[in-house]
Amino acid sequence: MKNKNVLVAYFSRTGENYNVGKISKGNTHIIAEMIAEETGGKLFQIEPVNPYPDEYNACVDIAKTEKENKSRPVIKGDIAVEKYDVIYIGYPNWWGDMPMPVYTFIEKHDWQGKTVIPFCTHEGSGLSDTENKIKKACDGATVLNGLAIRGTTAQKSQEQARKTTKGWLANHSR
Ligand SMILES: Cc1cc2nc3c(=O)[nH]c(=O)nc-3n(C[C@H](O)[C@H](O)[C@H](O)COP(=O)(O)O)c2cc1C
């Protein structure tokens with residue numbers, strides 16, 4: 001990935017979450033920072049204009065409805081993906097899918113000729129089918145194999161998380 005322009009775009013939520021209590025930095029955010037540090041990439045947070053509730057169950061309910069309705073929540077700001085060669089896209093696994101604001105972000109851009117690399121945090125479901133969903137949504141991009149890492153590991157065992165992340169990065173930058 002040397003000499004490439006790298007972007008690390010991610011969605012991540014703070015507040016009460018599964019198995020980690022109330023957090024002030026989201027699990028995916030932690031991994032996104034590690035990837036940006038290792039690759040020299042630019043960080044961009046995908047944030048909905050209307051934030052999700054801090055309360056876990058309330059958030060789970062909203063996320064379920066949004067997925068069922070294929071919602072495209074309005075997001076804050078944007079970044080010119082078109083200027084980058086390699087785009088890491090990070091997200092928590094929500095109901096076996098990406099949070100709907102990630103689709104809002106993807107659908108705003110032209111992915112032709114880009115290299116897209118997914119990474120997700122989860123609590124048991126891994127990436128689910130999100131690599132394929134990204135292949136479909138990022139039309140014209142080459143999508144590499146994604147990283148799946150437990151949110152609990154990202155939050156509470158950061159040295160382990162860093163080791164896993166670095167190993168995965170080394171695999172696709174060879
Ligand atoms: C709305 C919602 C739905 C979730 N659905 C799943 C799921 O289907 N499978 C899973 O393994 N984890 C699920 N989780 C757990 C998150 O993927 C996990 O806590 C993740 O690390 C959160 O990342 P974040 O702190 O960056 O938002 C869900 C969490 C939330 C809030």
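In helix 3, the buried residues are Met100, Pro101, Val102, Tyr103, Phe105 and Ile106, where buried denotes a residue with 20 or more other C-beta atoms, placed from the backbone, within 10 Å of its own. Helices (H or I, at least four residues) and strands (E, at least two) are DSSP runs numbered from the N terminus. The structure is a predicted model, in which local features need pLDDT of at least 70 and side-chain atom pairs count only at pLDDT 80 or more, while totals for chains, interfaces and linings use all residues. Residues are numbered from 1 along each chain as its sequence is written.

Helix 3 spans residues 100–107, and six of its eight residues are buried. The cover over these buried residues includes strand 1 (6–10), helix 2, strand 5 (86–92) and helix 4 (130–137).

Strand 5 is itself mostly covered, with seven of its seven residues buried. In a regular strand the side chains alternate between the two faces of the sheet. Accordingly, Val86, Tyr88, Gly90 and Pro92 lie on one side of strand 5, and Ile87, Ile89 and Tyr91 on the other. Strand 5 pairs with strand 1 in the parallel sense over five bridges, pairing requiring at least two DSSP bridges between strands; Ala9 has Ile89 as its bridge partner. Strand 5 also runs parallel to strand 6, joined by seven bridges, and Tyr88 stands opposite Ile117. From strand 5 the chain crosses through helix 3 to strand 6 in a right-handed β-α-β crossover, that is, the path runs clockwise from the first strand over the helix to the second when the strands point away from the viewer.

Key
Buried ≥ 20, exposed ≤ 12 C-beta atoms within 10 Å, placed from the backbone. Contact = placed C-beta atoms within 7 Å.
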